[in-house]
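Work through the exercises below with the structure open beside you. Try each task before you read its solution.

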Amino acid sequence: MIIFLFKTQLLTLYRGWLLTMCYILVITIANIANLASTATAITIQRDWIVVVAGEDRSKLADMNATIRRIDQLTNILAPMAVGQIMTFGSPMIGCGFISGWNLVSMCVEYLLLWKVYQKTPTLALKSAKVEESELKQLNVKKESEMKPAEGVQLIVEKDVTSFEPQEEKEVGCAARIAEPFITFRDGWVAYYNQPVFLAGMGLAFLYMTVLGFDCITTGYAYTQGLSGSVLSLLMGASAVTGIMGTVAFTWLRRKCGLVRTGLISGVAQFACLVLCVISVFMPGSPMDLTVSPFADISARLFETEPLPTIASPEVNPEMVLATGMLNLLNGSAPPAISDPEMSPEPVPLLSVSLLFAGVIAARVGLWSFDLTVTQLLQENVVESERGIINGVQNSMNYLLDLLHFIMVILAPNPEAFGLLVLISVSFVAMGHIMYFRFAQKSLGKQLFICCTPDPKAVSDSSPPGNTSTV
């Protein structure tokens, strides 16, 4: 009896604050891991790869494309492997496999990075330009602090040891608190002053879209009657077209140059997304402008009652379809329908077929454009600012990605998904217009002459300090 009460008490404790603390701990660790993964990706894909490739730009393009192909292959193989393990095993076995695989792959990753570091001695050396620029920045700061008079400067130079401790003590708590914000501001200013600013902003605008194989599009597909097996095949096809995009990037770059490759890729992506726009007005599309996507926002955001399931007798098909998009963020499929009388009429698949055809085909242009902007940032940003600029670029990407999630939270019903598609295509168009402006400023009248090579680098003709105007 005592053991039973003890187990009951532990179970109650686990379902209470202990479970909440476990959730908080897991989410915190995941955020830290995501931050570390982003820093590693910036270091390897935006800095190390440039040093390893040296002055050979063709080699740099091939290495960028190879890394992207590896990413696409893992996007194909990883879901297949985990899905089979969870199907024939259990979710617990699947979680154990993922945990063990992460630990093993982390060790292998660090071993390979150490081998690359050893075989590339230049990774351990700072270039003379970087040290010179860093010393210049330090000297400017010191000169501004010691500006009062020439005699004072001579005294400080003669008796540096006696003044250094006082300077360290003069740094107050407020200055230390403000230092990260100053660094943040300086990073954004440096990003704005880059000659490839418009190209980077164009890439960031592509993240403001629901036209990707994430939980949002998956949730919408479930409401349109697609099964999990069909979605897995569509994801595989998307990864294959992504690999085709990396191949197209290397071929277009050799034929037309780097800047024109981005322009051609943007046109190809937008042309494919026209299919998604057409799908909004085709039979089977749930778009209904008479249903306000912003109605009862407070009821949806602060709902305390559990959402009804399809198996509940009081739920009709219209309620199921209207509340189905609330499951977008977790990407789960609706439960199976137990009562055949409650099953809704089959939805025509023309609209959703055109939607996914456009999304899959647009992957070719998307990944080619992504590789183009990545190499532009690698080639035209000085080494001393490479980490800062790429960090700000990732921040812009995440910011626009966050905005598209907020957009879905405000309008989660399937009737509003067509409106979200139109907004997404508009942002993609704005991003490519920004890139077109960058290409026009870079190549001028030679923009549409595909046989002439690109200039050596944008930064060779204009210093990094020049400000780009939108």
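Helices (H or I, at least four residues) and strands (E, at least two) are DSSP runs, numbered from the N terminus. This is a predicted model: local features need pLDDT of at least 70, side-chain atom pairs count only at pLDDT 80 or more, and totals for chains, interfaces and linings use all residues. Residue numbers start from 1 along each chain as its sequence is written, and side-chain values use heavy atoms, with hydrogens and water left out.

**Exercise 1. The largest cavity**

Task: Find which helices each supply at least two residues of the lining of the largest cavity.

Solution: 
- Step 1. On a 1 Å grid over the protein atoms alone, a cavity is a set of points where a 1.4 Å probe fits but cannot get out; lining residues have an atom within 4 Å of a point.
- Step 2. List the lining. Tyr 220, Ser 279, Val 280, Ser 285, Ser 351, Leu 355, Phe 417, Gly 418 and Val 421 line the largest cavity.
- Step 3. The helices are α11 (258-280), α14 (350-380) and α16 (417-443).
- Step 4. α16 gives the most, with three residues.

**Exercise 2. Arg 68**

Task: Decide whether Arg 68 is buried or exposed, then find its side-chain partner.

Solution: 
- Step 1. Locate the residue. Arg 68 sits in helix α2 (residues 57-88).
- Step 2. Recall the classes. Buried means under 20% relative accessible area, exposed over 50%, partly exposed in between (1.4 Å probe, protein chains only).
- Step 3. Apply them. Arg 68 counts as buried because its relative accessibility is 11%.
- Step 4. Find the partner. The side chain of Arg 68 makes a polar contact with that of Asp 370, at 3.1 Å. A polar contact is a pair of N or O atoms within 3.5 Å; within protein, one must be able to donate a hydrogen and the other to accept it, and residues adjacent in sequence count only if both atoms are side-chain atoms.

**Exercise 3. Ser 238 and Ala 271**

Task: Classify Ser 238 and Ala 271 by accessibility.

Solution: 
- Step 1. Ser 238 lies in helix α10 (residues 228-256). Its relative accessible area is 5%, so Ser 238 is buried.
- Step 2. Check its neighbours. Leaving out residues up to four places away in sequence, Ser 238 touches Gln 72, Phe 213, Ile 360 and Arg 363. Contact means heavy atoms within 4.5 Å.
- Step 3. Ala 271 lies in helix α11. At 46% relative accessibility, Ala 271 is partly exposed.
- Step 4. Compare sequence with space. Ala 271 and Gly 365 are 94 residues apart in sequence and 9.4 Å apart in space, C-alpha to C-alpha.

Terms used: On a 1 Å grid over the protein atoms alone, a cavity is a set of points where a 1.4 Å probe fits but cannot get out, and a pocket is an open set with protein on both sides within 12 Å along at least five of seven lines; lining residues have an atom within 4 Å of a point.
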